[in-house]
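Let's take a friendly walk through one protein model. Have the structure open as you read, and look for each part as it comes up.

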Amino acid sequence: MESLNTIPFLSSQKLKTLWLVAVVVGVIGVAESSGREYSAISNRAHSASIKDFGGVGDGKTLNTKAFREAVNNLSKYSAQGGAKLIVPAGKWLTGSFNLTSHFTLFLHKDAVLLASQDINTWPLVPPLPSYGHGRDTSGGRYISLIFGSNLVDVVITGNNGTIDGQGALWWQQFRSKKLKYTRPYLIEIMHSDQIQISNLTLLNSPNWNVHPVYSSNIIIQGLTILAPIKSANTDGINPDSCTNVRLEDNYIVAGDDCVAVKSGWDQYGIKYGKPTKQLIIKRLTCISPYSAAIALGSEMSGGIEDVRASDITAVHTESGVRIKSAIGRGGYVKNIYLKGLRAHTMKWVFLMSGDYGDHPDNHFDPKAFPVVAGINFRDVVADNVTMAGKMEGISGHPYTGVCMANVTIGMAKNGKKPAWNCSNIQGVASGVVPPPCPLLHIQGPVKPGMCDLPPKKLEIHNMEEMEFQN
């Protein structure tokens, strides 16, 4: 996958080809695709094509007006069974457009949405209230390519159609410090309920790819998300202050964390006070040489709890699970469960840090200490690892309740010694190879249920192939 690093901008076909090559040569040979194509949860009574609103799929004609008119027109069916907007085969250049309730955006397998590269035409929106500040700059932010707020029952899906953010220009502008506002995300849905995003390929996002925020009852499944491994902040999926979320069968090559769980930034997140909780992550495959397969934080000031990850595959990824926090964050990360991680070529399998800086401003509370507790890992197998774990809490405020069971880590030839570096943590371990740091007290043979997923299923489990309530 090193070739990803040398290509500043990759077409859909090139990225898909590189991905297939990686599978064939065995780079991700341990991954298991379900072969499943998910059906949309909500069926619609009405449908129309973007062509009906003057759309032209030649890759040159700007279709922003057509998409906005289409959504506005179809919104009248919201109370009459909802509506579906079909994007047929073609290359559809467009700026940002908003979605509506009881609505499906459907992309044909040969449809490509191309994000406009005319930065001056992108609308601006205020910073998120739980952040109080743009992530790139202190000002506002460019609206996402596909955006929605205060919606109910929204589906973004297709036959593996493509949304291409054409992010190379944005990455260059960001690195040159030429942007006055934070770069747009590819898809952002906020203050909404009953959301499904599935069966799509997302390419070259200017910033984060999928960002549900302040929302609930969300299913994100069957996505292929691809970006160069040195692209700036191209996180895959970032659930942020959300409840009841299920991520499954997603395949991500990214320049940042494949999945990053968030809930607000310092005093702004503390004040907003909306945690991310009841999150399921299943069958994730990740390649991210400079970031984590699953990150918790660093923006976690509203709290993160009850995260259940299973069947995770990470290849050429910096860390398997990373917890990022800092003095001033406040909030908590608790009741986190990972069962079943397979990793190949990794710097750290477990990475926890209590000194992750990056504050929005100088007004954070230096007495706002994050609480990290109840962190569980079971059934982990990794090879070619530089360091098994680097786990560093905060002096006087240790990370507690760390539990590891049935963990086998094969160290690289140039692996670090000792294999573990721990400070300000407390926990237990059983069946861990190489033997963990002394702060994780050995408990003897692995017992059934130790460090395991909770037996009681979450509500979001039951949303399999069910219609949302209209």
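In which sense do strands S16 and S17 pair, and over how many bridges? Strand S16 pairs with strand S17 (residues 243-253) in the parallel sense, and 8 bridges link the two. Keep in mind that this is a predicted model.

Begin with strand S16, which covers residues 216-226. Of its 11 residues, 10 are buried, so this strand is mostly covered; here, buried means under 20% relative accessible area.

S16 also pairs with strand S14 (residues 193-203): the two run parallel and are joined by 9 bridges. Ile219 in S16 is the bridge partner of Gln196, while Ser216 stands opposite Thr243 in S17.

## Helix H4

Next, find helix H4, at residues 168-175. Its buried residues are Ala168, Trp170, Trp171 and Gln173. Strand S9 (141-142) is included in what covers them.

After H4 comes Lys177, a residue with a positive phi, near 60°.

## The second largest pocket

Now turn to the second largest pocket, with a volume of about 310 Å³. It is lined by 21 residues, and the closest to its centre are Arg135, Asn233, Asp256, Tyr356 and Asp358.

What kinds of residues make up this lining? There are 12 charged residues, 5 nonpolar ones and 4 polar ones. Strand S21 (residues 304-324) gives the most to the lining, contributing 3 residues.

Notes: Residues numbered from 1 in each chain as written. Predicted model: local features only at pLDDT ≥ 70, side-chain atom pairs only at ≥ 80, totals over all residues. Heavy atoms only, no water. Buried < 20%, exposed > 50% of the residue type's maximum accessible area, 1.4 Å probe, protein only. Helix = DSSP H or I, 4+ residues; strand = E, 2+ residues; numbered from the N terminus. Pairing = 2+ DSSP bridges. Contact = heavy atoms within 4.5 Å. 1 Å grid on protein atoms, 1.4 Å probe; cavity = no way out; pocket = protein on both sides within 12 Å on 5 of 7 lines; lining within 4 Å. Points joined across faces, edges and corners; volume = space filled by probe spheres on them. Nonpolar A, V, L, I, M, F, W, Y, C, P; charged D, E, K, R; others polar.
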